[in-house]
Amino acid sequence: MSDNPNPKVKSGAQSIGALIGSVIAPVCAKRGFATADLISSWADIVGPRYATTTMPEKITWPRRDQAKAPAGATLVVRVDAGMAIYLQHETGVMLDRINGFLGFGAVSQLKIVQGAVSSPRKAAVAPAPLSPAEEAQVIETVASVESDGLRQALERLGRGVYASARRP
């Protein structure tokens, strides 16, 4: 038998994603999103060109009693004013990407609303290169890892650790 007096409370660490779902779900539902997946994966869906200049605002589903209603939903997308014309020309591509992510043709129209999306992001500063001794230490530490992909990821992590240790 468990030592935990409340079986619904999980013991141990939980991911932020598991906890944030219950907080964000009412907001997403109010804006027509069944889940937050579309919002959280937006940058991957639209690509680097539109990742920082667009954001989905809400999904409007057609009423069943309308005879001339579109076949799918309308996704309202907020776009920085300078990028709106480009997005308008690529509407078909964006609809294909969005529906590909959702797995079916849920969205049939994009409604573009011009407005500020977010404050400009600062460009990431590349860390200073490692000294030859530090680079050798990183490579030596992960040399026994057989998987090329995992070894490369661990090398990047090691370089990042050395770079962050140098920060004041």
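Is Leu-38 buried or exposed in this structure? Leu-38 is buried, with a relative accessible area of 4%, where buried means under 20% relative accessible area, exposed over 50% and partly exposed in between, with a 1.4 Å probe and protein chains only. This is a predicted model, in which local features need pLDDT of at least 70 and side-chain atom pairs count only at pLDDT 80 or more, while totals for chains, interfaces and linings use all residues. Residues are numbered from 1 along each chain as its sequence is written, and side-chain values use heavy atoms, with hydrogens and water left out.

**Leu-38 and its surroundings**

- Leu-38 belongs to helix H2, residues 37–40; helices (H or I, at least four residues) and strands (E, at least two) are DSSP runs, numbered from the N terminus.
- Although Leu-38 and Phe-101 are 63 residues apart in sequence, they are 7.9 Å apart in space, C-alpha to C-alpha.

**The sheet**

- Three strands, in the order S1-S2-S3, make up an open sheet with mixed pairing, and two strands count as paired if DSSP finds at least two bridges between them.
- Strand S1 (54–60) and strand S3 (107–114) stand at the edges with a single partner strand each, so one side of each has no neighbour in the sheet.
- From one strand to the next, the twist averages 25°.
- S1 and strand S2 (residues 73–79) run antiparallel and are joined by six bridges, and Thr-54 has Val-79 in S2 as its bridge partner.
- Helix H6 (residues 91–102) packs on the sheet and touches S2 and S3, its direction making about 120° with that of S3; axes are lines fitted to C-alpha atoms, for helices over the stretch in contact, and angles run from 0 to 180 degrees between N-to-C directions, while contact means heavy atoms within 4.5 Å.

**Glu-57 in strand S1**

- Glu-57 is found in strand S1 and is buried, with a relative accessible area of 17%.

**Helix H8**

- Helix H8 (residues 148–166) has 19 residues and spans 28 Å from its first C-alpha to its last, close to the expected 27 Å, the expected span being 1.5 Å times one less than the number of residues.
- The buried residues of H8 are Glu-155, Gly-158 and Ala-163.
- These residues cover an arc of only 135° around the axis, which puts them on the same side of H8; the arc is that of the directions from the helix axis to the C-beta atoms.
- Helix H7 (132–142) is included in what covers the buried residues of H8, whereas the face turned away from the buried side carries the exposed residues Arg-156, Leu-157 and Ala-165.
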